[in-house]
Amino acid sequence: MCSAELDGRLYYRISTAFHLITVRHIRMDRDSEFKAKLFKEFHNESDRGCAVLTVCLLEETLLKVFSKVLPGGEASAKIFMPRGRLSAGVGNAEALGLITEPHTTNIKLILKIRNIFAHKLMAGLTFESQEIKEQAIKLILPNFDGVSNETKQKLEISHRMRYMEVFVYALGNLNRLVLVAKKYPRYPSLPMFTVEV
């Protein structure tokens, strides 16, 4: 569980544990639908298009997270997640405790893969190109308990499938934050006063 979900405090024992189990169960159903929709959307996309569009979705969703938690809303969010600066947004989200490992590393690797695709336009790169594979193999897969060995093997062989699995995992985590995160409080300033000397 991430620190944002725990909000720095332990959940109240039994009633909160029941609530957490319920929320997790609902979230798993939503995550499956969400994942299926994303895979369908990206099915006919080129490898380059896939890499570029996934980063756009991560940026957009991280902006929503910041809008949700920062007292200044969207105006403050744009400072913490400047357009086209996903690495800065990830660093800010990590500093605020909104995302942790393995999401931080995975999003940085996704961005690195996108940059390789974007800056080597004429190289004919795919997810099976050596330069991309070297980065994709570093992506940290989510826990796949209960997943068939066949699927696990596909994730080891298909670098695009591995990339998409990790992307959906990271995007799902950010979308969960949009749902559960609470706005940071505004702290009032000390009252202004003058002291006579």
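Biologist: How many helices and strands does the secondary structure of the protein come to?

Modeller: Please keep in mind that this is a predicted model, in which local features need pLDDT of at least 70 and side-chain atom pairs count only at pLDDT 80 or more, while totals for chains, interfaces and linings use all residues. Residues are numbered from 1 along each chain as its sequence is written, and side-chain values use heavy atoms, with hydrogens and water left out. Helices (H or I, at least four residues) and strands (E, at least two) are DSSP runs numbered from the N terminus. Counted in this way, the secondary structure comes to 9 helices and 0 strands.

Biologist: What share of the residues of the protein count as buried?

Modeller: A residue is called buried under 20% relative accessible area, exposed over 50%, and partly exposed in between, using a 1.4 Å probe and protein chains only. Of the 197 residues in the protein, the share that counts as buried is 36%.

Biologist: Is helix α9 mostly covered or mostly uncovered, and how many of its residues are buried?

Modeller: Helix α9 spans residues 159-180 and reaches 31 Å from its first C-alpha to its last, close to the 32 Å expected at 1.5 Å a residue; that expected span is 1.5 Å times one less than the number of residues. This helix is mostly covered, and of its 22 residues the buried ones number 16.

Biologist: Why is the pair of F66 and F80 called tilted?

Modeller: Rings of Phe, Tyr and Trp (its six-membered ring) pair if their centres lie within 6.5 Å, and planes under 30 degrees apart count as stacked, over 60 as edge-to-face and the rest as tilted. By this rule there are 4 aromatic pairs. The ring centres of F66 and F80 are 5.6 Å apart, and the pair is tilted because the planes stand at 40°.

Biologist: Which helices hold F66 and F80?

Modeller: The two residues are 14 apart, and their pair links distant parts of the chain. F66 is buried at 0% relative accessibility, whereas F80 is partly exposed at 27%. F66 lies in helix α3 (residues 47-69) and F80 in helix α4 (residues 73-80).

Biologist: Why is the pair of F117 and F127 edge-to-face, and which residues form one aromatic cluster?

Modeller: The rings of F117 and F127 have centres 5.3 Å apart, and the pair is edge-to-face because the planes stand at 65°. F117 lies in helix α6 (residues 103-119) and F127 in the loop between α6 and α7 (130-136), so the pair ties together parts 10 residues apart in sequence. F117 is buried at 0% relative accessibility, and F127 is buried at 1%. The residues forming one aromatic cluster are F117, F127 and Y163.
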